[in-house]
Amino acid sequence: MKVILDQDKCVASGQCVVAADDVFDQDDDGIAVLLDPNPSSDRADDVEQAAAVCPALAIRILG
């Protein structure tokens, strides 16, 4: 699994962090930061949830 985060699209909702806090974080302005672009397969459900709840559709999952 490869995760791509488009920070330019991020609206700082924090939903990705709630869904997968070991894969996403937020900077001081609330913009999402990708901590792990290749999370293990046991994190797949959480990462998919993060992508699904992102109001800006800023998260893409490949593979």
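A: Begin with the secondary structure: the protein has 2 helices and 4 strands, where helices (H or I, at least four residues) and strands (E, at least two) are DSSP runs numbered from the N terminus. This is a predicted model, in which local features need pLDDT of at least 70, side-chain atom pairs count only at pLDDT 80 or more, and totals for chains, interfaces and linings use all residues. Residues are numbered from 1 along each chain as its sequence is written, and side-chain values use heavy atoms, with hydrogens and water left out.

Q: In what order do the elements of the protein run from the N terminus on?

A: The order is β-α-β-β-α-β.

Q: How does the radius of gyration of the protein stand against that of a compact globule?

A: The radius is taken over C-alpha atoms, and the globule rule is 2.2 Å times the number of residues to the power 0.38. For 63 residues the rule gives a value near 11 Å, so the 10 Å of the protein agrees with a compact globule.

Q: Which residues touch the most other members of the largest nonpolar core?

A: Such a core is a set of buried Ala, Val, Leu, Ile, Met, Phe, Trp, Tyr and Cys residues joined through side-chain atoms within 4.5 Å; buried means under 20% relative accessible area with a 1.4 Å probe, protein chains only. Here C16, F24, A50 and I59 do so, among 17 residues. Strand 1 (2-5), helix 1 (15-19) and helix 2 (44-53) each give two or more residues to this core.

Q: What is F24 in contact with, leaving aside neighbours within four places in sequence?

A: Contact means heavy atoms within 4.5 Å. The partners of F24 are V3, C16, V17, V33, L34, L35, A50 and I59.

Notes:
Buried means under 20% relative accessible area, exposed over 50%, partly exposed in between (1.4 Å probe, protein chains only).
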